[in-house]
Amino acid sequence: MLRNKSAPAAKTILSLFYFILYLPLMILVIYSFSSTPLPSSFSGFTFDWYKKLFHDREILESFLNSFIVATSTTALCIFFSLLLIYYKTIGGRIKKIIPLFYGNLMIPDTVLAIALVSFFAFLKIPLGMITIIIAHSIVGLGLSIPLMYLRYKDLSPSLLEASATLGASSWTTFKRIVLPFMLPTLLGTGLMIFILSFDDFILTYFCAGATNTLSLFLVSSLRLGISPEVNALTTAVMLFTSLLVMLLFLLRRKEEMET
């Protein structure tokens, strides 16, 4: 009886919490359609700011740079993770080195960024697109390798033994058994790394050099004041990443149902 009485109050408090949490985002979306910039009040509904996004060369260039960085980071992390899993499939021992990949996630981003900049300076590598991809990949590997290794541990050893008994090569076993089994985790991890790389600011700020990405463009634009065009751009980025997060949750749910 007590549980039934407290349930409506708990739901109300939870709803209020989520409302306060997402209220700034709601205001951001509303003002992205305002005909006048902040801090003036909402004075009219317009799509002009969204139309200007597609005619702003700097915005399009920064978006393209962010997309290239995120895609390259995701591809590298997935490739090296699969390479390690393949090494495990052919009999390699990787259990002891898996905890090493958690270190990059425990180190603060600022400390890691300064260390990477010092490393690039020591090797005389100019800062730019390549250094951003390297920095993001180092962090991404801390996510992809442990997650994919945990998924691989759920694979029944009897399937691998049966494949070897039937005369399949290590590559055939990996391609026909391991890869299909790990596909949901592969896609989910790839999406997670893509989102984190696309939205990252701290590592990008230290390692970018003269390269401009979307996160850097947004921060530099805020220094000049919040314009409706920036609100529109932020809303579009938020919508884009939200769709990716929804897709990630769907893949995670599918993986849980299969297990």
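Me: What covers the buried residues of H5?
Reply: The cover includes helix H4 (103-106), helix H6 (129-153) and helix H9 (202-207), with contact meaning heavy atoms within 4.5 Å. This is a predicted model, where local features need pLDDT of at least 70, side-chain atom pairs count only at pLDDT 80 or more, and totals for chains, interfaces and linings use all residues. Residues are numbered from 1 along each chain as its sequence is written, and side-chain values use heavy atoms, with hydrogens and water left out.

Me: Which residues of H5 are buried?
Reply: Leu112, Ala113, Leu116 and Phe120; buried means under 20% relative accessible area and exposed over 50%, with partly exposed in between (1.4 Å probe, protein chains only).

Me: Switching topic: at what angle do H7 and H8 pack?
Reply: Helix H7 (residues 157-165) and helix H8 (residues 170-199) pack at about 145 degrees, axes 11 Å apart. Axes are lines fitted to C-alpha atoms over the stretch in contact, and angles run from 0 to 180 degrees between N-to-C directions.

Me: Which residues make the contact?
Reply: H7 brings Leu159, Leu160 and Ser163, and H8 brings Thr173, Ile177 and Val178.

Methods:
Helix = DSSP H or I, 4+ residues; strand = E, 2+ residues; numbered from the N terminus.
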